[in-house]
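Open the model in your viewer and keep the selection tool at hand.

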Amino acid sequence: MAGEDAERTFVMLKPSCVEKGFIGEVISRFERKGLRIIQLKVVKMSREKAEELYKVHYGKPFYEGLINVIAGKTVVAMILEGRKAIGVVRRLIGATDPAEAQPGTIRGDLAINLTDNLVHASDSPESYQREYRIFFEDEELQTY
Ligand code: ADP
């Protein structure tokens, strides 16, 4: 990884993002910020993958609803790299509840539902390490 404070993060565009035709809009915001796309793939989410991604939320009241908006649907998974990328991407995405997210953020501008809030991004280096492996093999990451 090149550069001071360089970091990678995992991002998933949720099915609503794909269905609304916002793939380009959202990726464009990441690119304009200066993040580099290390990997990108369109994935049909199995229930198993959805449950693995969201296993920390198992048992919460919104868990089943969350799995149902993802499982069996098409998402876009990607790895982004850049200076302090994990925090940068979380701030670009905005608050979990799109109704509270600041205008100018992705959720603030393009979403309104809480469960179906358009985008997922890793919230720590540990989450990144766990999450990217659900979608990518290490051999796929040697793109730059
Ligand atoms: P984030 O995606 O911002 O990291 P969390 O990790 O807290 O948020 O939650 C994961 C996902 O679970 C959220 O993106 C959202 O889709 C869903 N979610 C979180 N809290 C709620 C809630 N109170 N009601 C419904 N869905 C929720």
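In this predicted model, begin with the largest pocket, which 21 residues line. Select Tyr54, His57, Leu66, Thr96 and His120, the lining residues that lie nearest the centre of the pocket. Next, colour strand S4 (119-121) and helix H7 (125-135), the elements that each give two or more residues to this lining. The space in the largest pocket comes to about 440 Å³.

Now colour the lining by residue class. Eight of its residues are nonpolar, seven are polar and six are charged.

Where does the ligand sit? The ligand is found in the largest pocket.

Then select the residues around the ligand: Lys14, His57, Phe62, Leu66, Arg90, Thr96, Arg107, Leu114, Thr115 and Asn117. This shell divides into three nonpolar, four polar and three charged residues. His57, Leu66 and Thr96 belong to the shell, and they are also among the lining residues nearest the pocket centre.

Three side chains in the shell are worth a stop for their distances to the ligand.

- Lysine 14: an N or O atom of its side chain lies 2.9 Å from an oxygen atom of the ligand.
- Histidine 57: the distance from a polar side-chain atom to a ligand oxygen is 3.2 Å.
- Arginine 90: a side-chain N or O atom is 2.8 Å from an oxygen atom of the ligand.

Finally, show the surface of the ligand. How much of the area that the ligand exposes when taken alone does the protein bury? Taken alone, the ligand exposes 530 Å², and the protein buries 77% of that.

Technical notes
Residues numbered from 1 in each chain as written. Predicted model: local features only at pLDDT ≥ 70, side-chain atom pairs only at ≥ 80, totals over all residues. Heavy atoms only, no water. Near = heavy atom within 4 Å. Polar contact = N/O pair within 3.5 Å; in protein donor to acceptor, adjacent residues only side chain to side chain. Areas by Shrake-Rupley, 256 points an atom, 1.4 Å probe, with all protein chains shown as cover. 1 Å grid on protein atoms, 1.4 Å probe; cavity = no way out; pocket = protein on both sides within 12 Å on 5 of 7 lines; lining within 4 Å. Sits in = over half its atoms within 2 Å of the grid points. Nonpolar A, V, L, I, M, F, W, Y, C, P; charged D, E, K, R; others polar. Points joined across faces, edges and corners; volume = space filled by probe spheres on them. Helix = DSSP H or I, 4+ residues; strand = E, 2+ residues; numbered from the N terminus.
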